[in-house]
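Please open the model beside this note. Keep the sequence in view as you read each point.

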Amino acid sequence: MEKVKKIFIPRYVHFYSVDDSYFAVLNAMTLDLIYCQKELIEFHENTAEVEDKVYEILLQRGMILTSYLDEKNRIEDSIEKYINVRENAKIKFLYLVPTVQCNLKCTYCHIQHGKENRKRIIMSEDTLRKGLEIFRLNGGFEAENAEIMYYGGEPFLEVEFLLDSLEIIRTYSKTIKITIFTNGTLITEKIAEELKKYNLYVIVSMDGSEKVHDLARVQQNGENSFQRAKAGYKNLQKAGIDVGISLVAGTHNVDTLEMEVQYLAEEFNPLDLGISTLHLFPDMRNPNEVDIKYLTEKLQLVQSTMRKKGLYIEHLFRKIRPFVEKKARLYDCPSCNSKLLITPWDTVGFCEAFMEDEKYFYDMEKFSMDSCKGRDDWRLRVPLTDEVCYSCPAVCICGGGCPYDAYCESGSVCDKDTRRCYQSREMIRWLCLDLFAILKKNKKILCQRIYEPSSEERQLLYGNVVLDDSIPLQNYSKSNEGTE
């Protein structure tokens, strides 16, 4: 067998053993992927001996190089490219927080520990209009796929303000997407009917079946909340409003996570379902915190089941879609570069997790994007512009994780979010293995010595999920993918 010897393997190329016979070879910088028989490659540290046929395709896909200098130049070119993308980012998303008060006291909530005096402040119409003007002046209403979202606290505690503000927003734009995050417990049939005329999405927080949900999501008086959340959800559906579900994965539901998601999918038929890795607490352990390795394994099982049912899992597709489409993800969260948040107490910031202690928040009257002290702490945390991250197989799908959780871990938003670093690395390894298993089951790989999945074959990872504009928050999560 004729071989080409001493081929240099760049740091951004990774090999995974997918079964006894095949390697998956991943170019993490371009997301090119091939499967080849193990007998065709013999490793020697960062070099390898490969057969001629394999050599040609590896060379074409940048998976082998002739020198260390070539690797260095390619990484530098990639970094320059994504610096340009980063510098041209536009504001597209606006969070409005009518109140931080809530009628629930979820055990894992990172906002409920805020300052008591802040909980009595309600957003005024004047604050709302100033916030909308800031959004307009920064191009938000003209941006492609722009969106306004209501957050809390619980927005429906201030339902009169909420309805009035929707009316005002629609004077700015008849078409901009609007999403409301809510626990659902306060939504009556009448309120649902009122919402219908504003053409919006609603995301209801539900953590699984009744018994599991009520372990963590209880009312302020200690009573359970599931039945009230269910009634609110059904009222929205009855009114013809597009509804999704947000689930927080924690100790209360992780052991039965696949069953909880399946129950929610069958009982509520949501347009999508988000599964959030819960936020850390800065000064103490979150009581619902889960081992990230165990959670990641559970998320992979959920995805394997739900793609057959055609259910879009928001936080998983942030990793899956870039891998399938070969479109790098710049940031994991739009808070880093394309989102603003307006508080009830007349400040502007980037992330709801920081609004209570006012870190990275600024007075509305003096606000401008150019004068935000500390803005670069967020804007610059892009793995694709950090040479160190080019050794990681997940450099193109990671997006840097959560700045707030990085802050809770280390005291700085500039540091790594180590839990999501791990999660991203495991997800891309799993995607390489899972795609191979799907191709093999579909008899696409039949003893070929080397096989490169087509774009259509990569989309088999979507299963029966249809990606279209009917999915709430899809544009929000896609906003940092594939930008050139």
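The points below go through sheets, helices, rings and cores in turn.

1. **Ground rules.** This is a predicted model, so local features need pLDDT of at least 70 and side-chain atom pairs count only at pLDDT 80 or more, while totals for chains, interfaces and linings use all residues. Residues are numbered from 1 along each chain as its sequence is written, and side-chain values use heavy atoms, with hydrogens and water left out. Helices (H or I, at least four residues) and strands (E, at least two) are DSSP runs, numbered from the N terminus.

2. **An open sheet.** Four strands make an open, antiparallel sheet in the order β2-β3-β4-β17. Two strands pair if DSSP finds at least two bridges between them. The edges are β2 (13-17) and β17 (450-451), and each of these pairs on one side only. Strand β4 (residues 32-37) pairs with β17 through two bridges. Find Y35: its bridge partner in β17 is Y451.

3. Is β10 (residues 201-205) buried or exposed? Five of its five residues are buried, so the rest of the structure largely encloses β10. Here buried means under 20% relative accessible area, exposed means over 50%, and partly exposed lies in between (1.4 Å probe, protein chains only). Y201, I203 and S205 point one way from β10, while V202 and V204 point the other way. Strands β9 and β10 run parallel, joined by four bridges. I180 stands opposite V202.

4. **Helix α5.** In α5 (residues 189-196), the buried residues include I191, A192 and L195. They cover an arc of only 100° around the axis, which puts them on the same side of α5. That arc is taken from the directions from the helix axis to the C-beta atoms. An α-helix has 3.6 residues a turn, so residues three or four places apart point the same way. The buried residues of α5 pack against α4 (159-172), β9 (177-182) and α7 (226-238).

5. **A loop residue.** N337 is in the loop between α10 (314-325) and β14 (339-342). Its relative accessibility is 7%, so N337 counts as buried. Leaving out residues up to four places away in sequence, N337 touches A89, K90, I91, Y331, R375 and N480. Contact means heavy atoms within 4.5 Å.

6. **Aromatic pairs.** Rings of Phe, Tyr and Trp (its six-membered ring) pair if their centres lie within 6.5 Å; planes under 30 degrees apart count as stacked, over 60 as edge-to-face and the rest as tilted. The count is 25 pairs. F23 and F43 are edge-to-face, with 5.4 Å centre to centre and 85° between the planes. F23 lies in β3 (residues 22-27) and F43 in β5 (residues 41-44), so the pair ties together parts 20 residues apart in sequence. F23 is buried at 14%, but F43 is partly exposed at 34%.

7. **Charges over rings.** A charge sits over a ring if NZ of Lys or CZ of Arg is within 6 Å of the ring centre and within 35 degrees of the ring normal. K339 lies over the face of Y95, 3.8 Å from the ring centre. The charged end of R458 sits over F323, 4.8 Å from the ring's centre.

8. **Nonpolar cores.** A nonpolar core is a set of buried Ala, Val, Leu, Ile, Met, Phe, Trp, Tyr and Cys residues joined through side-chain atoms within 4.5 Å. The largest has 162 residues, of which Y35, L195, V261 and F323 touch the most other members. Helix α13 (residues 418-441) gives the most to this core, ten residues.
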